[in-house]
Amino acid sequence: MIAVEEGAHLDQALVAASVAGADRDLAWFLAYGVTRRRGEVDAALRPRLTRPLTGLDPAVRAVLRLGAFERLFARTRPHAAVHQAVEVMKAIGPKRASGLVNAVMRRVGPAKNLREAESHNLPDWLWERWVERYGAEAAAAWATEAAEPPPLFVVARDPEQPLAAEERPDELAPLPALAGVYRSGASSARVESWRGYEAGAWWIQDAAAVQMADLVQEAKGLHILDAFAAPGAKAFRLVSRGARVHAVDRDEDRLAKVREGAARLNLSVETTCHDWTSGTGALSPDYDVVLADAPCTALGTLRRHPEVRWRRQPADLEHLAKRQRSLLATVSQLVRPGGALVYAVCSPEPEEGAEVIADFVAAHPMFRVEATRETAPPTQGEDAHFGCRLRRAT
């Protein structure tokens, strides 16, 4: 939790902690649980403290939040939760704070008189934006889902053929609107142990991300540039539909994961490490489609990355939108005349979606909007993405 406060992604911090066995499951449950329900947890802690949580030592704040979550939302017996919190505080220090932790944990209970945003475990600014755009009922339903683990979506290597029994995990339900995509009954699992994984029959990809890749129509035979490719799922989807894909990313380690995934799936993907802030480099402007899944706030991924909601601020929208406009202008130069440009972000916020497209079209009149797709608010547990397909004039 301390690493997350310092900027690490929650899942990566947990992997780096290398906790094994039953302790691993508990660590992931507690870390994700407290991050998803931090509004309620902080509201429960507030009346038991003489100063704001933000003024406490990071280690003390982390232990208090974890202990309060375990008392409020886990099945742990109260005395055991108190004891565990105190022992953790003694272990990671400052040890003098163990008395404070003990006193607070003994008295903490469900919060009363929560603000609406707190009760829905969102920062005030984000809750207010959602209510304004979608209405209180829809925003509340979305926030309630965002406090729970996400479903897993399985994407078949061959979208035209149903997964064979020996290739498919248990409890899969096909999504009729997306060829070759299934929703799993599991919300989290070690998918490497599932049937069909080693054989490369499928990969895990959020249903919203599949829809963004599917904005490329009739992919068969097309030469496609996936400009921000890692970890590679969109490239895999396009190759599985018959496209020839050139995957580019600025991080060689992340690009290596694209190659590893392609090898497991027995899919052919060309890869190049390149940073678009330096221009188009040696790439030729002859792609049938350029897919720009641009860096964004990731505010549409709150179920999978709950730390994002507490990390982002309104100013991030303007900052990232400026970067998105610049990157989109760069990669658009590689679309051949008559070709398509697909822009996508895993954010529902208009500053990063529709407004970026409006500014781009105004500055680049040779492109026109053909189709847009939004998955906010989510309807089947998927992420909230925005995507747009534009056509370049011949």
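Predicted model: local features only at pLDDT ≥ 70, side-chain atom pairs only at ≥ 80, totals over all residues.

Reader: How many residues line the second largest pocket, and which lie nearest its centre?

Author: The space in this pocket comes to about 680 Å³. Helices α1, α2, α3, α5 and α6 each supply at least two residues of its lining. There are 25 lining residues, and those nearest the centre are M1, A27, L30, L66 and V88.

Reader: And by class, how many residues of that lining are nonpolar, polar and charged?

Author: Sorting the lining of the second largest pocket by class gives 2 charged residues, 2 polar ones and a nonpolar group of 21.
The nonpolar count is therefore 21, with Ala, Val, Leu and Met among the types in that class.

Reader: Is S240 buried or exposed?

Author: S240 sits in helix α12, which covers residues 233–240. Beyond its neighbours within four places in sequence, S240 is in contact with R157, P159 and W203. Its relative accessible area is 15%, and the cut-off for buried is under 20%, so S240 is buried.

Reader: What separates the C-alpha atoms of S119 and E40?

Author: S119 belongs to helix α8, residues 116–119. Setting aside residues up to four places away in sequence, S119 touches E40 and L114. S119 and E40 are 79 residues apart along the chain, yet their C-alpha atoms are separated by 5.8 Å.

Reader: Which backbone oxygen lies 2.7 Å from a polar atom of the S119 side chain?

Author: S119 is partly exposed, at a relative accessible area of 33%. The oxygen 2.7 Å from a polar atom of its side chain belongs to the backbone of E116.

Notes:
Residues numbered from 1 in each chain as written. Heavy atoms only, no water. 1 Å grid on protein atoms, 1.4 Å probe; cavity = no way out; pocket = protein on both sides within 12 Å on 5 of 7 lines; lining within 4 Å. Points joined across faces, edges and corners; volume = space filled by probe spheres on them. Helix = DSSP H or I, 4+ residues; strand = E, 2+ residues; numbered from the N terminus. Buried < 20%, exposed > 50% of the residue type's maximum accessible area, 1.4 Å probe, protein only. Contact = heavy atoms within 4.5 Å. Polar contact = N/O pair within 3.5 Å; in protein donor to acceptor, adjacent residues only side chain to side chain.
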